[in-house]
Amino acid sequence: LTIELIFLVCIGTSSTGKVCKEHSPCNGTEIYTYQSCSSEDANQAFHAAAASQVMWAKTPLWKRAEYLKQAAIILRSHQDEIANSLMNEIAKNRKNAISEVVRTADLIEYVAEEGMRLSGKLMYPDSFPGQKRNQLCLIHRVPLGVVLCIPPFNYPVNLCASKVAPALMMGNSVVIKTPSHGVISCLYLAAAFHLAGIPRGVVNVLTGKGSEIGDYLVTHPLVNAISLTGGTHTGLSVSKKAGMIPLQMELGGKDAAIVVCDADLQQSISSIASGAFSYNGQRCTAVKIVYVVKQVADALVDGLKEQVEKLSVGSPQDNADITPVVHHSSADYIEKLVQDAIQKGAKQVTPFKRKDNLIWPTILDHVDKNMRVAWEEPFGPLLPIVRVDSEVQAIEMVNKSPMGLQASIFSRNMENAMFLADFLKTGTIHLNGQPARGPDHFPFQGWKDSGIGSQGVLYSLEAMSKIKSIVIHFA
Ligand code: G3P
């Protein structure tokens, strides 16, 4: 599975001959040149996908499962190569890069297994008032058709597979639009599906800039569904343009950790530190704000400082905990959030320090609602802490956010934690643990501006299909 082979398998020549360049987050050097696909290329991909989908949907389910399992084997056997690409392109550290590939292979296999177990159901009319047993309704799931899959830069392999595998298993063909960072990693995944033997036209890949072809893609008449992970702004814009097709979207998050008086502080500290800083906080599910009741705030802040100061800062190849953020514009944005907060009175628990795209893990205490960082998503190694009078105040603040992905509550009193969880307007609430999408068969959904629909193996299989019923009438 060499780069050359990937290019042969996945990329033709763009009809315009235009290319894009990808730069290293670590030193800014040019690392890859790839095709900048035009609308004509996209049109061809959609036609290929639509033409092959009919035959693919007729391929027996067990056979589609075999193809997926084969792709998982190919991914596993090339995990080091793909992990290298993740390190180069998005500066994910070695441990997390390997884990992304292995997790993806596991996910694809699970999709194949779960997809095999789906079955339809039948209903008679006579359970409804006044009806007789004179019909039989057969209910089953059918593919949507062509699914446009748009994964993000932070998991260009895993969050692409989490869309593509369920779509394929349910009999859809796909067109993948790669992210602008992580292009090659995403191509490795597509190559694995091709090399597994999936027929030509079923998995198609477009590389290029979303700003140039994005609108064309999401409004193309052959697109029957869109599965997207990305920023809230992008998601809102796509949802306005896409028309009446199913959308599955995972967008931004402002996941809060609420720490109440009776929390196990040691557990809270290690979960919050890991939740906030793993992969530099560049995860939708990263802990992006802490609400701590005043009585335990000093102890929590001291513990977080101690823990975060132990994080290593450096290069992905050296497996540093904190590595450069993906783009200098992201680093600039994070820096502006810090400056705004400090100007308005926030205190630096660990000092802000930056060298190009590398930002040292920063904790800001005494953040308040007038600071941008209390509401915006840094997507970087920056953790704001808000001291609150009560847990009720924390819940009010969380619910004021336009985003509603996940939240955590840290408390030894499970009854109270369950009671509080009931008031939180987020898709998932973790009690005594950090926010996270996985394990990948758990349901994963954002409320409000954080998304549409649910993901997770079974939920994605359902989302990538629609219900069809056949009603037989008896004389
Ligand atoms: O940012 C993407 C989101 O899906 C995070 O996934 O596994 O890091 O919780 P995870």
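These legends go with several views of one protein chain, a predicted model.

View 1. Helices (H or I, at least four residues) and strands (E, at least two) are DSSP runs, numbered from the N terminus. Along its principal axes, the C-alpha trace spans about 75 × 65 × 40 Å.

**View 2. The largest nonpolar core, 59 residues.** A nonpolar core here is a set of buried Ala, Val, Leu, Ile, Met, Phe, Trp, Tyr and Cys residues joined through side-chain atoms within 4.5 Å; buried means under 20% relative accessible area (1.4 Å probe, protein chains only). Leu68, Ile108 and Phe193 are among the residues with the most contacts inside this core. Helix α7 (residues 183-195) gives the most to it, nine residues.

**View 3. Up close with Val174 and its contacts.** Contact means heavy atoms within 4.5 Å. Setting aside neighbours within four places in sequence, Val174 touches Ala49, Val147, Cys149, Val164, Ala167, Leu168, Val202, Val203 and Asn204.

**View 4. A second, separate core of 57 residues.** Look here for Ile289, Val292, Ala331 and Ala341, which this core includes.

**Notes on the views.** Residues are numbered from 1 along each chain as its sequence is written. Local features need pLDDT of at least 70, side-chain atom pairs count only at pLDDT 80 or more, totals for chains, interfaces and linings use all residues, and side-chain values use heavy atoms, leaving out hydrogens and water.

Notes. Buried means under 20% relative accessible area, exposed over 50%, partly exposed in between (1.4 Å probe, protein chains only).
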